[in-house]
Amino acid sequence: MAEAAMDAVRRELREFPAAARELCVPLAVPYLDEPPTPLHFYRDWVCPNRPCIIRNALQHWPALRKWSLPYLRWDLPWGVVGWFFVVPGYGLKVLSSRATVGSTEVSVAVTPDGYADAVRGNRFVMPAERRLPLSFVLDVLEGQAQHPGVLYVQKQCSNLPTELPQLLPDLESHVPWASEALGKMPDAVNFWLGEASAVTSLHKDHYENLYCVVSGEKRFLLHPPSDRPFIPYELYTPATYQLTEEGSFEMVDEEATEKVPWIPLDPLAPDLARYPSYSQARALCCTVQAGEMLYLPALWFHHVQQSHGCIAVNYWYDMEYDLKYSYFQLLDSLTKASGLD
């Protein structure tokens, strides 16, 4: 009797994503030709938890006209400093004595293969973190310098105002129509810059995400929260890459920490022999070009690639922990309990 009931639960869970797609998941990410009003944004996109790409939302930003790799390197003088920076195993790098935004140190994620916060073997591996002058990161992007591994400025935690405040006059501190619709200011404003090899593994966030591409393009693979029964999670020992003096990478386990639940599957090359249920999931793929803004709703799974040297800014607004959140938690719990994971 109990097994029959559990089989019924599994059957309903397998059928649920298709029913949800028919009711409320678009076949492709829609485009808006201009920013919505706060009322329309909340009614048409936030409440139904639907993504969209908004054109002409950044046209008034000076950043859209100004930000480039040369601009980030040389413009915005704000002081005088003279110093040297040594990259282990890669010689001496002499920086300009005239301090610019390029001489500002930023937190940089460094990985051997471009995957930060991702499953590698039986570990969930976080990147090595280096403090590097932005100009050196730009040198690597432009092929004028070398550094072991793949570099990605992706600190999050509001790294734009905390690490690069000189750039704040070139954009807005929040998205006014979104702030009004959501009734709050963003928890974080993040700056992103990296190599084409830097990839964000499939995951979800508890944030309403407004992702703005200033230069280059970002490629998103999206799954709605309703696809959860088809998306595998496993528990992994957390570890961190450490960069040796010789320029090689070591994985070092984090001490006295619980295992991390993470998605082991690469949606670009899924192992369907190991995770056959994923074949029933239906991804939405979209490319966000310079000057466009993606509204990525809370709890949507996303995998992200980028063009080389892409510059982007995103605003994280904390989600409302309402019935939508409760429904997802129920779906997640039933998926785990039924053994579909």
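Start by selecting β14 (199–203). This strand (a DSSP run of E, at least two residues, numbered from the N terminus) gives the largest share of the lining of the largest pocket, four residues. The model is predicted, so local features need pLDDT of at least 70, side-chain atom pairs count only at pLDDT 80 or more, and totals for chains, interfaces and linings use all residues. Residues are numbered from 1 along each chain as its sequence is written, and side-chain values use heavy atoms, with hydrogens and water left out.

**Stop 1: the largest pocket**

Now select D117, Q156, H203, D205 and W262. Of the 35 lining residues, these are the closest to the centre of the largest pocket. A pocket is an open set of points on a 1 Å grid over the protein atoms alone, where a 1.4 Å probe fits, with protein on both sides within 12 Å along at least five of seven lines; lining residues have an atom within 4 Å of a point. The space here is about 750 Å³, a volume filled by probe spheres set on the points.

Colour the lining by class. You get 18 nonpolar, ten polar and seven charged residues. Ala, Val, Leu, Ile, Met, Phe, Trp, Tyr, Cys and Pro count as nonpolar, Asp, Glu, Lys and Arg as charged, and the others, Gly among them, as polar.

**Stop 2: the second largest pocket**

Next select F16, P225, S226, K324 and Y327. They lie nearest the centre of the second largest pocket, which is lined by 21 residues. About 450 Å³ of space lies in it. Which helix gives the most to this lining? That is α8, with six residues. By class, the lining has 18 nonpolar, two polar and one charged residues.

**Stop 3: helix α8**

Select α8 (323–337). A helix is a DSSP run of H or I, at least four residues. F328, L331, D332 and T335 are buried in α8 (under 20% relative accessible area, with a 1.4 Å probe and protein chains only). Look down the axis: the buried residues fall within an arc of 95°, so they line one face of the helix. The arc is that of the directions from the helix axis to the C-beta atoms. The buried residues pack against α1 and β22, where contact means heavy atoms within 4.5 Å. On the face turned away, find L323 and A337, which are exposed (over 50%).

**Stop 4: helix α2**

Finish at α2, residues 38–46. Select F41, W45 and V46, which are buried. They cover an arc of only 75° around the axis, which puts them on the same side of α2. Their cover includes β15, β21 (293–296) and α8.
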